[in-house]
Amino acid sequence: MGDKFYTDAAFYWANVPSTIDGVLGGYGHITETDIQGSKKFLSELLSSENPPARKRALDCGAGIGRIAKNLLIPIFKKVDLVEQDEKFINTAKQWIGEGNAKLGRVYQIGLQNFVPQKEYDVIWCQWVLGHLNDYDFVEFLERCCEALNENGIIVIKENVATSDCIEYDDVDSSVTRPYKLFQKIFEAANVEIIRSEEQSNFPDDIYPVYMIAIKPIQTS
Ligand SMILES: C[S@@+](CC[C@H](N)C(=O)[O-])C[C@H]1O[C@@H](n2cnc3c(N)ncnc32)[C@H](O)[C@@H]1O
């Protein structure tokens, strides 16, 4: 998958309205259930042994800041956003409030080109990694690992294919991966799963959605 995979996705999102229903592809009504499921998953991780600190989090493919505002800002001292679409970024800043001291840096760049600084306790990636090809996904995870503080974790919340095959969507230029492919990608990026759970109470007519917490495999 070459550049067209990325330019088509950017074009698709540039034409989607800056609303919750827009970023959730017409499923705006599931946002509450989604955030509740994420809160529970994250709070279990934060109360585990050697938990991540609560200083700084990064919301990847942040859209209009739905996750930053409702999940991460209430928990972390600072939350940074990375999102490539300018209009979503402007809405996120307005919605979270540019005067909100918890809103940190906002990066306008594609994840395939983004190099996070080493400052994060939690890096949250939701409904965006299907926009990276496998190669860029592995490299992005490797860069995220470099950017984690001690005990830091990466959380991935993504659609998972029910077949064994990767499924391509030519409407938004994304892929949906089977769970096994996520596992292969994690292995290639030298990360291990520390917790994995399917989101409950989502509608039957969408893909299963998994929350997967990963951390770098310590080599020494
Ligand atoms: C389905 S929306 C999800 C937004 C947000 N994560 C949420 O759950 O509310 C996908 C988002 O990913 C962004 N996106 C798509 N491709 C991207 C890329 N290569 N790098 C960064 N963001 C990207 C889109 O602009 C859009 O905001």
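Which pocket is the space taken by the ligand? That space is the largest pocket. Here a pocket is an open set of points on a 1 Å grid over the protein atoms alone, with protein on both sides within 12 Å along at least five of seven lines. A molecule sits in one if more than half of its atoms lie within 2 Å of its grid points.

Before we go on, note that this is a predicted model, where local features need pLDDT of at least 70 and side-chain atom pairs count only at pLDDT 80 or more, while totals for chains, interfaces and linings use all residues. Residues are numbered from 1 along each chain as its sequence is written, and side-chain values use heavy atoms, leaving out hydrogens and water.

Now look around the ligand. Among the 19 residues there (each with a heavy atom within 4 Å), Gly61, Arg66, Glu83, Leu111 and Gln126 come nearest. Polar contacts are pairs of N or O atoms within 3.5 Å. A side-chain N or O atom of Arg66 lies 2.7 Å from a ligand oxygen. A ligand nitrogen is 2.9 Å from a polar backbone atom of Leu111.

Let's turn to the cysteines. A disulfide is a covalent bond between the sulfur atoms of two cysteines. Counting sulfur pairs within 2.5 Å, we find 0 disulfides. For Cys144, the closest cysteine sulfur is in Cys125, 5.4 Å away, so the gap is too far for a bond. Cys144 is also buried (under 20% relative accessible area, with a 1.4 Å probe and protein chains only), at 0% relative accessibility.

Definitions and conventions
Polar contact = N/O pair within 3.5 Å; in protein donor to acceptor, adjacent residues only side chain to side chain. 1 Å grid on protein atoms, 1.4 Å probe; cavity = no way out; pocket = protein on both sides within 12 Å on 5 of 7 lines; lining within 4 Å. Buried < 20%, exposed > 50% of the residue type's maximum accessible area, 1.4 Å probe, protein only.
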